[in-house]
Amino acid sequence: LTVLGLESSCDDTAAAVLRTDGSSVDILSNIVLGQQELHAGFGGVVPEIAARAHAEKLDLAVEAALKHAALDLSQIDAIAVTAGPGLIGGVMAGVMLAKGLAAATGKPMVGVNHLAGHALTPRLTDGIAFPYLMLLVSGGHCQFLLVDGVDDFTRLGGTIDDAPGEAFDKVAKLLGLGQPGGPLVEAEARMGDPERFALPRPLLDRPDCDMSFSGLKTAVLRARDGLVAAQGGLYAQDRADICASFQAAMTDVLAEKTRRALKLYMDRAPQAPVLAVAGGVAANQSIRAALERVGQAAGARFLAPPLKLCTDNAAMIAWAGLERMRMGARDDLTLAARPRWPLDTTSAPMLGAGK
Ligand code: ATP
Ligand code: FE
């Protein structure tokens with residue numbers, strides 16, 4: 001079975017081809033056309049610019065994915081497409097192209113929840129069994145998911161405000177570093193003192209798995225302004241120390257909340273327990289190492305798919321589509337693009353089914 005996947009829910013236009021013979025699966029191509037430079041001057045992704053860029057580039061991404069896989073469209077058996085959640089203009093561009101391709105080829109099509117794509121990736125890369133615990137930690141998301149099946153997710157908790165990647169990006173901005181901020185803050189942190197600034201570890205007093213990061217960002221702002229007021233500016237060491245202190249706080253919160261989520265998961269006595277992470281922030285070595293320690297301490301295997309499959313891509317959409325189709329899922333021209341689509345209800349949205 002050969003599946004073409006399409007992804008266009010944020011600022012990456014992506015297409016990928018997966019092939020499976022039932023026992024193994026190969027990623028024949030995985031094309032990601034980023035559009036970050038188009039949004040660079042705006043301090044965030046501009047929905048209208050993103051939608052136009054997806055509309056312009058999606059067919060090129062599909063063409064490149066087919067070419068790289070050395071296949072033509074007639075050799076594709078099915079089409080999987082992100083149907084939400086995300087910026088609606090981009091999602092619509094993807095869904096419309098998928099419908100067009102499905103109508104033209106007569107091949108089945110299936111809509112995929114973008115978050116399910118992230119959450120099912122460890123099954124693509126490592127073939128792990130349900131149930132596993134997933135921490136999705138990116139620029140737009142932060143949540144713990146109990147993954148019990150292809151369409152069976154339970155959210156154990158998550159951020160109540162900013163996502164960690166967003167916080168890394170804002171801290172980078174406050175300190176005059178570039179974007180995306182995550183890797184730059186991490187590089188600074190390596191040269192800094194994580195104990196110089198006592199930054200808050202929000203919500204650790206609460207027993208649940210919820211997190212909050214906007215206060216952390218405000219505390220960084222205060223630390224910076226305090227230094228500027230006292231000494232007229234920031235020295236390189238100040239910047240490194242702020243980054244190190246921020247990263248330490250972020251790491252502590254994620255590690256402690258992961259410990260609590262693991263407790264809930266391990267209580268279900270899984271056969272081969274796995275803690276998996278996905279999302280761009282999983283690239284952070286400090287956070288990754290802490291999560292690995294927490295996982296191992298609880299007796300769970302720690303799994304972080306390769307970064308290219310952790311951040312937005314279409315291979316994960318093709319995979320999630322394949323998994324859904326194996327369960328008998330099919331969509332038709334009534335498939336709707338959804339700006340919001342909580343993971344607890346993964347059945348594909350239909351046109352007119354509400355927001
Ligand atoms: P989503 O996929 O949830 O819609 P997104 O596209 O912004 O959001 P990703 O592409 O998964 O998310 O990840 C990008 C985010 O990861 C950015 O916020 C970036 O700063 C952060 N990030 C990348 N590398 C690192 C790192 N080494 N340390 C911390 N954060 C990082
Ligand atoms: Fe994503």
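Which residue stands opposite Phe 144 in S8? In the predicted model described here, local features need pLDDT of at least 70 and side-chain atom pairs count only at pLDDT 80 or more, whereas totals for chains, interfaces and linings use all residues. Residues are numbered from 1 along each chain as its sequence is written, and chains are lettered from A and ligands numbered from 1 in the order in which they are written.

The residue opposite Phe 144 is Gly 157 in S8. Helices (H or I, at least four residues) and strands (E, at least two) are DSSP runs, numbered from the N terminus. Strand S7 (residues 142-149) and strand S8 (residues 152-158) run antiparallel and are joined by six bridges; two strands pair if DSSP finds at least two bridges between them.

A parallel pairing is found between strand S4 (residues 78-84) and S5, over five bridges. From S4 the chain passes through helix H3 (residues 88-105) to S5 in a right-handed β-α-β crossover, right-handed meaning that, with the strands pointing away from the viewer, the path from the first strand over the helix to the second runs clockwise. Within this pair, Val 110 in S5 has Ala 80 opposite. Strand S5 (residues 109-113) is largely enclosed by the rest of the structure, because five of its five residues are buried. A residue is buried if 20 or more other C-beta atoms lie within 10 Å of its own, exposed if 12 or fewer, and partly exposed in between, with C-beta atoms placed from the backbone. In a regular strand the side chains alternate between the two faces of the sheet. In S5 both faces are covered, with Met 109, Gly 111 and Asn 113 buried on one side and Val 110 and Val 112 buried on the other.

The largest nonpolar core has 115 residues, of which Ala 16, Leu 18, Ala 80 and Ala 318 touch the most other members. Helix H8 (residues 236-266) gives the most to this core, contributing 13 residues. A nonpolar core is here a set of buried Ala, Val, Leu, Ile, Met, Phe, Trp, Tyr and Cys residues joined through C-beta atoms within 7 Å. Beyond its neighbours within four places in sequence, Ala 80 is in contact with Val 3, Gly 5, Val 110, Val 112, Ile 317, Ala 318, Ala 320, Gly 321 and Leu 322; contact requires that the C-beta atoms, placed from the backbone, lie within 7 Å.

One of these partners, Ala 320, lies in helix H11 (residues 315-326). Ala 320 counts as buried because it has 31 C-beta neighbours inside 10 Å. Outside the four places on either side in sequence, its contacts are Ala 80, Val 112, Ala 116, Gly 117 and Leu 120. Ala 320 and Gly 5 are 315 residues apart along the chain, and their C-alpha atoms are separated by 9.1 Å. For Gly 215 and Ile 317, 102 residues apart in sequence, the C-alpha to C-alpha distance is 34 Å. Gly 215 belongs to helix H7 (residues 214-231) and is partly exposed, with 15 other C-beta atoms within 10 Å. Apart from neighbours within four places in sequence, Gly 215 is in contact with Pro 200 and Pro 202.

Around ligand 1 there are 21 residues, and Gly 139, Gly 140, Gly 165, Gly 182 and Gly 280 come nearest. Helix H5 (164-174) and helix H6 (181-189) are the elements that give two or more residues to this shell. A residue is near a molecule if its C-beta atom, placed from the backbone, lies within 6 Å of it. By class, the shell around ligand 1 comprises six nonpolar, eleven polar and four charged residues. Ala, Val, Leu, Ile, Met, Phe, Trp, Tyr, Cys and Pro count as nonpolar, Asp, Glu, Lys and Arg as charged, and the others, Gly among them, as polar.

Several backbone features fall in loops. The peptide bond between Phe 130 and Pro 131 is cis, with omega about -10°, and Pro 131 lies in the loop between helix H4 (114-126) and strand S6 (132-137). A cis bond also leads from Gln 179 to Pro 180, with omega near -10°; Pro 180 is placed in the loop between H5 and H6. Ala 70, although not a glycine, has a positive phi of about 55°. Ala 70 is located in the loop between helix H2 (47-69) and S4 and is exposed, with 10 other C-beta atoms within 10 Å. Leu 203, also not a glycine, has a positive phi of about 65°. The loop between H6 and H7 holds Leu 203, which counts as buried with 20 C-beta neighbours inside 10 Å.

How values were computed. Contact = placed C-beta atoms within 7 Å.
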